[in-house]
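How does one read a structure feature by feature? Let us work through one as a dialogue.

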Amino acid sequence: MIRVEFLGPIKKEPLEIDIQNLNELAEILKDDKEVQEWLDNSAVAVNDTIVKSKDIDLKDGDKVSLLPPVCGG
Amino acid sequence: MLNIYDGALNVSKILKDWYEEESKNNYGAYISFVGTIREESGISGLSFDIYEPILESWFEAWQQKAKQRGAIIKMAHGRGDIMLHESSYASAIFSPKRRVALELIDEFVEDFKASAPIWKYDLIDGKRIFALDRSTAIKGSGILGAQK
């Protein structure tokens with residue numbers, strides 16, 4: 001299973017889903033009303049490392065995080 | 001050194017502690033930056049969420065960059081609600097000479113604003129409203145979106 005976490009202002013509880021890669025996650029989330037508005041401006045981390053491509057395979061136990069636009073300070 | 005506090009920072013103590021920690025370590029320059037909540041747009045304060053695992057790795061990468069230039073970085077940030085005229089952020093560079101510290105504080109704080117996984121909310125009339133218009137998408141954002 002893959003755990004998907006939605007950080008900051010994205011109002012959605014974590015998901016535990018059976019997917020093989022980020023392309024499958026994109027397919028699932030594009031129809032999710034709570035998340036779809038964030039897909040174009042959120043960064044994605046796999047196991048707490050930000051990734052620059054969705055052509056990434058996932059393995060059982062991986063954690064995916066969505067990080068919407070930031071503003072510290 | 002990276003410290004996260006619940007609520008506002010005790011700035012005078014933090015800056016004093018940093019000074020005392022490094023005063024005998026032969027750094028010729030100490031430059032600090034402090035972020036304080038200003039009165040604007042009817043807010044009573046700001047509120048912050050922080051994702052620490054990625055913040056820590058981002059900070060550690062900067063610490064390594066600073067080390068290569070003979071400098072060190074310190075940073076503190078508040079989490080949760082922080083009210084007007086309180087401070088949410090402090091960072092500092094210690095370096096042998098001033099030029100490295102002046103350049104690094106600029107580069108570090110700008111990248112902090114653009115990359116550190118921290119989310120800011122306005123506190124207005126008891127509501128907590130995400131400050132999307134003042135936020136920046138992290139480099140590489142949008143890979144799950146329609147355009148990619």
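The dialogue below goes from the fold of one chain to its contact with a partner, and then to single residues.

Q: What kind of model is this?
A: This is a predicted model. Local features here require pLDDT of at least 70.

Q: Start with the fold. How many helices and strands does chain B have?
A: Chain B has 3 helices and 7 strands.

Q: What box do the C-alpha atoms of chain B fill?
A: Taken along the principal axes, the box is roughly 50 × 40 × 25 Å.

Q: What share of chain B is buried?
A: Of the 148 residues in chain B, 45% are buried.

Q: And what share of its contacts join residues at least 24 apart?
A: Start from contacts in chain B between residues at least 6 apart in sequence. Of these, 71% join residues at least 24 apart.

Q: Now the strands. How does β1 of chain B pair with β4 of chain B, parallel or antiparallel?
A: Look at the sense first, then at the bridges. Strand β1 (residues 2-6) and strand β4 (residues 72-83) of chain B pair in the parallel sense, over 5 bridges. For a landmark, take B:Ile4, whose bridge partner in β4(B) is B:His77.

Q: In what sense do β3(B) and β4(B) pair?
A: β3(B) and β4(B) are antiparallel, with 4 bridges. Here B:Ser47 has B:Asp81 of β4(B) as its bridge partner.

Q: How many bridges join β4(B) to β5(B)?
A: There are 6 bridges, and β4(B) and β5(B) run antiparallel. B:Ala76 stands opposite B:Ala90 of β5(B).

Q: What lies between β4(B) and β5(B)?
A: The two strands form a hairpin, with 3 residues between them. B:His85, in the turn, has a positive phi of about 70 degrees.

Q: On to the interface. How is its size given?
A: Often as the accessible area lost when the parts come together. Between chain B and chain A, the buried area is about 2,700 Å². Carbon and sulfur atoms give 65% of that area.

Q: Which three residues supply more of the area that chain B buries against chain A than any other three?
A: They are B:Trp119, B:Ile143 and B:Leu144, which supply 29% of chain B's buried area against chain A.

Q: How many residues does each chain bring to the contact?
A: Chain B brings 36 residues and chain A brings 32 residues.

Q: How many salt bridges and polar contacts cross the interface of chain B and chain A?
A: The rule finds 0 salt bridges. It finds 12 residue pairs in polar contact, both residues at pLDDT 80 or more.

Q: Which elements of chain B give two or more residues to the side that touches chain A?
A: They are β3 (45-50), α2 (52-68), β5 (87-95), α3 (98-115) and β6 (118-124) of chain B.

Q: How does that side of chain B divide by residue type?
A: It has 19 nonpolar, 11 polar and 6 charged residues.

Q: Pick one residue. Where is B:Ser141 found?
A: B:Ser141 is in the segment after β7 (127-130) of chain B. Follow its side chain next. It reaches the backbone nitrogen of A:Ala43 at 3.1 Å. It also reaches the backbone oxygen of B:Ile138 at 2.6 Å.

Q: Why does B:Ser141 count as buried?
A: Because its relative accessible area is 12%, and buried means under 20%.

Q: Is B:Ser95 buried or exposed?
A: B:Ser95 counts as buried, at 0% relative accessibility. Its place is in strand β5 of chain B. The side chain of B:Ser95 reaches the backbone oxygen of B:Lys97 at 2.6 Å. Beyond four places in sequence, its contacts include B:Tyr27, B:Gly70 and B:Val100.

Q: Finish in chain A. Where is A:Asn23, and what does its side chain join?
A: A:Asn23 is in helix α1 (residues 22-29) of chain A. A polar contact of 3.3 Å joins its side chain to that of A:Asp55. Leaving aside neighbours within four places in sequence, A:Asn23 is in contact with A:Lys54 and A:Asp55.

Q: How accessible is A:Asn23?
A: A:Asn23 is partly exposed, at 30% relative accessibility.

Q: How far apart are A:Asn23 and A:Ile56?
A: Compare sequence with space. The two are 33 residues apart in sequence, and 8.0 Å apart from C-alpha to C-alpha.

Notes. Residues are numbered from 1 along each chain as its sequence is written. Chains are lettered from A and ligands numbered from 1 in the order in which they are written. Side-chain values use heavy atoms; hydrogens and water are left out. Contact means heavy atoms within 4.5 Å. Buried area is the accessible area (1.4 Å probe) that two parts lose on being put together, summed over both. A salt bridge is a side-chain nitrogen of Lys or Arg within 4 Å of a carboxyl oxygen of Asp or Glu. A polar contact is a pair of N or O atoms within 3.5 Å; within protein, one must be able to donate a hydrogen and the other to accept it, and residues adjacent in sequence count only if both atoms are side-chain atoms. Ala, Val, Leu, Ile, Met, Phe, Trp, Tyr, Cys and Pro count as nonpolar, Asp, Glu, Lys and Arg as charged, and the others, Gly among them, as polar. Buried means under 20% relative accessible area, exposed over 50%, partly exposed in between (1.4 Å probe, protein chains only). Two strands pair if DSSP finds at least two bridges between them.
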